[in-house]
Amino acid sequence: MMKKIQRFGGAMLAPVMLFSFFGIIIGFSLLFSNQTIMGDIAAPGTLWYKFWNVIAAGGWTPFFQLPILFVVGLPISLAKKYAARATMEALVTYIAFNYFVNAILTLWPNSFGVDITQAATTGSGLTSIAGITTLDTGMIGALLISGIVVYLHNRYYEQELPEMLSIFSGSVFVTMIGFFVMVPLAVIMCFVWPTIQEGMRSMQGFFINSGSLGVFVYQFLQKILIPTGLHHFVYAPFAYDNAVIEGGMAAYWAGHIGDFQTSAQSLKELYPFGGFSLSGMSKVFGTAGLSLAIIQTARPDKKKKVIALIAPAALTAILTGITEPIEFTFLFVAPALWVVHALLDASIATVSYAFGVVGDFGGGLINWLGLDWLPLWKFHSSTYITQIIIGLIFTAIWYFVFTFIIKKFNLKTPGREDDLESMQLYSKADYENKQKDKNKGKEEEIPKHLRQAQAYMALVGGKENVIDVTNCATRLRLTIKDANKVASSTEFQAAGASGLVNTGNGGIQIIVGLTVPTVRESFEELMKE
């Protein structure tokens with residue numbers, strides 16, 4: 001069960017990854033169309049103003065269509081075969097569900113406590129999905145329905161039907177079943193969802209009023225659960241659903257950043273729940289501190305290799321907010337550091353919030369520049385200067401705390417291994433050179449992602465030992481039959497991975513990096529051979 005929950009949580013990343021780009025587009029569009037900042041060139045009616053408003057209109061795509069993105073994103077990662085067809089099945093079934101809800105609320109207008117005739121605005125409990133006025137079930141409804149369809153797809157897509165009924169096989173059969181499942185589900189949702197919405201509104205008030213303590217608990221849980229994959233279920237309701245504000249914090253910030261640009265109020269007054277969007281503080285400042293500590297504590301003869309290993313991963317985390325390559329570098333060789341890391345992560349978010357730092361700070365510096373600093377610096381520079389000061393102080397704290405613990409307990413972080421040759425395993429150069437030697441004389445070199453897939457396939461015991469495969473942002477997730485056939489973590493590192501995680505019950509995770517989608521595709525092709 002835990003393995004399935006982890007896969008479900010990882011699959012939620014597919015649409016979430018879009019937010020960083022589109023959020024930056026909105027930030028720059030609002031910046032360049034603000035007359036106060038840009039001058040007369042951005043006056044309403046000018047070609048400049050109109051151009052950036054057109055760009056902003058496209059930038060709103062994932063924020064305004066988030067439920068649909070979750071519906072089509074889930075099958076991409078969870079469908080065992082024919083993911084594209086599963087995506088179509090999920091979209092059609094989701095739209096049918098909302099048509100059912102609309103019809104039920106229209107035909108029985110006084111039975112569910114929701115007035116279908118009113119506009120679908122904030123607080124109404126309604127929304128518009130593909131032009132259909134329906135209950136605002138948000139991310140939860142989208143994931144529920146898409147999850148049902150993925151289950152039906154994996155179980156019934158290849159169901160053989162009698163020859164005379166073969167026209168109803170495949171996607172049609174899955175959609176038929178989904179259609180009839182949606183009818184009772186729509187009825188149930190009409191009865192229970194308005195009550196759930198009231199509970200969510202009460203929960204919003206609780207979290208907003210929880211202050212710094214709430215921020216600390218939230219941030220600690222989000223970080224400490226990363227190794228289990230369950231952290232998605234902590235932050236997603238806050239960022240993309242109604243835990244603290246209807247529609248989620250990401251959409252709210254992007255939608256109101258234009259108002260924040262010229263307001264005399266502090267950002268904390270304007271965005272009181274912004275303490276739940278400060279995970280990027282540790283991604284930028286924490287990463288810098290712990291990376292320096294790992295480098296500083298490495299043996300002198302290994303420091304150059306440690307820098308080569310750590311620096312690219314740290315830069316990725318600081319710029320983009322994708323921390324897994326750097327965090328998983330030390331997590332599984334020194335797990336005690338992970339608890340300390342989570343406590344510092346929660347502390348920097350809490351202290352920042354206490355001093356008035358709020359905003360869309362869930363990513364790295366690229367995200368900060370586009371959605372916070374550039375558009376809002378003129379009016380809220382004091383907030384950001386405070387943020388930088390706090391961040392640099394915590395960079396030093398991370399550095400000194402990690403340095404002390406690593407040396408005190410002689411933790412085997414990169415560069416401190418007993419085996420003098422082990423650091424070679426963190427470099428991909430030897431493996432790539434070896435592969436080049438093997439391919440000498442061939443007309444065409446095998447692509448890198450295919451070479452990696454072939455190596456990983458051999459290291460997990462061949463395709464006969466693999467039950468299924470999926471991926472998250474940086475990890476190739478496998479379910480295998482016999483764990484004894486899986487090679488050691490060091491052999492995976494020699495093949496180009498950053499490490500190997502054994503999650504138990506037949507589950508393993510190969511830490512590949514940001515190229516994991518293409519490696520997964522090559523891996524799946526090898527499975528078919």
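Let's start where two helices touch: Gly23, Ile24, Gly27, Phe28 and Leu31 in H3 meet Ile366, Asn367, Gly370, Leu371, Leu374 and Pro375 in H19 (contact means heavy atoms within 4.5 Å). Helices here are DSSP runs of H or I with at least four residues, numbered from the N terminus.

This is a predicted model, where local features need pLDDT of at least 70, side-chain atom pairs count only at pLDDT 80 or more, and totals for chains, interfaces and linings use all residues. Residues are numbered from 1 along each chain as its sequence is written, and side-chain values use heavy atoms, with hydrogens and water left out.

| Item | Value |
|---|---|
| Angle between H3 and H19 | about 25 degrees |
| Distance between the axes of H3 and H19 | 8 Å |

The axes are lines fitted to C-alpha atoms over the stretch in contact, with angles running from 0 to 180 degrees between N-to-C directions. That angle makes H3 roughly parallel to H19 (angles under 35 degrees count as such).

Now for the inside. The largest nonpolar core has 100 residues, and Leu105, Tyr240 and Phe402 have the most contacts inside it. Such a core is a set of buried Ala, Val, Leu, Ile, Met, Phe, Trp, Tyr and Cys residues joined through side-chain atoms within 4.5 Å. Helix H19 (residues 365-408) gives this core its largest share, 11 residues.

What about His153? His153 sits in helix H9 (residues 138-156) and counts as buried, at 3% relative accessibility (buried means under 20% relative accessible area, with a 1.4 Å probe and protein chains only).

Terms used
Buried means under 20% relative accessible area, exposed over 50%, partly exposed in between (1.4 Å probe, protein chains only). Angles under 35 degrees count as roughly parallel, over 145 as roughly antiparallel, 65 to 115 as roughly perpendicular and the rest as oblique.
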